[in-house]
Amino acid sequence: AEIAARVGFDYVCVDMQHGMADRRDLLTMLQAIQPQSRRVLVRVPANDISVIGWALDMGATGVIVPLVNSAAEAEAAVRAPRHPPDGDRSMGPTRAIRIFGEACVEQAGEAIQCIPMIETRRALENLDEILAVPGVDVAYVGPSDLSVNLGLGRGNNDGKPAFDEALATILDACRRHGVVPGIHSNAGLAKRRLEEGFRVVT
């Protein structure tokens, strides 16, 4: 985590969904990252308000939320990082307030990034409704789950029409809705993804 933070990327992402990090690890990882990189996204294990709020209380600056399949699920994800009356998050910025000051409470609605993942057939079918939800400023593709949901093998399936068309559909919808397109990637594909139009590439 410390090495990744020192490289100079725009952000560091801690993967609590498929990675090895869990609640026991996140605090010390954030403590290692944030002297070098203030922007830390946490890919939470589920669209769960308690986990989302907890990650933000520890000092994450945003969350990537997996398996968002409908407008209702997007609305739940967007409300989870925000305090009432704009959201449902419980008040307890345990570490965040020591890192960011009172602004982390006052500006939570504007400063925190809540990024739903588009990675299923249902999400593709409901894409316009998901991207129209206020507070969805970034949409993030999980290419392996998307591939499996399209009946393809896991991983990236560039060159296969169903996969290429799905990425093109997502990029087009993001442009129409003014949403930033993002995608999970790898070193070999990152340049291609940027050229395709993705603006957040992990």
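Trainee: How many bridges join β5 to strand β6?
Mentor: 4 bridges join β5 to β6 (residues 180-183), and the two run parallel. Strands pair if DSSP finds at least two bridges between them. This is a predicted model: local features need pLDDT of at least 70, side-chain atom pairs count only at pLDDT 80 or more, and totals for chains, interfaces and linings use all residues. Numbering starts from 1 along each chain as its sequence is written, and side-chain values use heavy atoms, leaving out hydrogens and water.

Trainee: Which residue in β6 does Tyr140 stand opposite?
Mentor: Gly182.

Trainee: And how many bridges join β4 to β5?
Mentor: 2 bridges, with β4 (residues 113-118) and β5 running parallel. Ile118 has Val141 as its bridge partner in β5.

Trainee: Which way do the β5 residues point?
Mentor: Val138 and Tyr140 point one way, Ala139 and Val141 the other. All are buried, meaning under 20% relative accessible area (1.4 Å probe, protein chains only).

Trainee: New topic. Which residues of helix α2 are buried?
Mentor: Leu26, Leu30 and Ile33, in a helix covering residues 23-33. They sit on the same side of α2, because they cover an arc of only 70° around the axis. That arc is taken from the directions from the helix axis to the C-beta atoms.

Trainee: What do they pack against?
Mentor: α1, β1, β2 (40-43) and α3 (49-57). Contact means heavy atoms within 4.5 Å.

Trainee: Where is Phe9?
Mentor: Phe9 is in the loop between α1 (2-7) and β1 (12-15). Phe9 is exposed, with a relative accessible area of 56%; the cut-off for exposed is over 50%.
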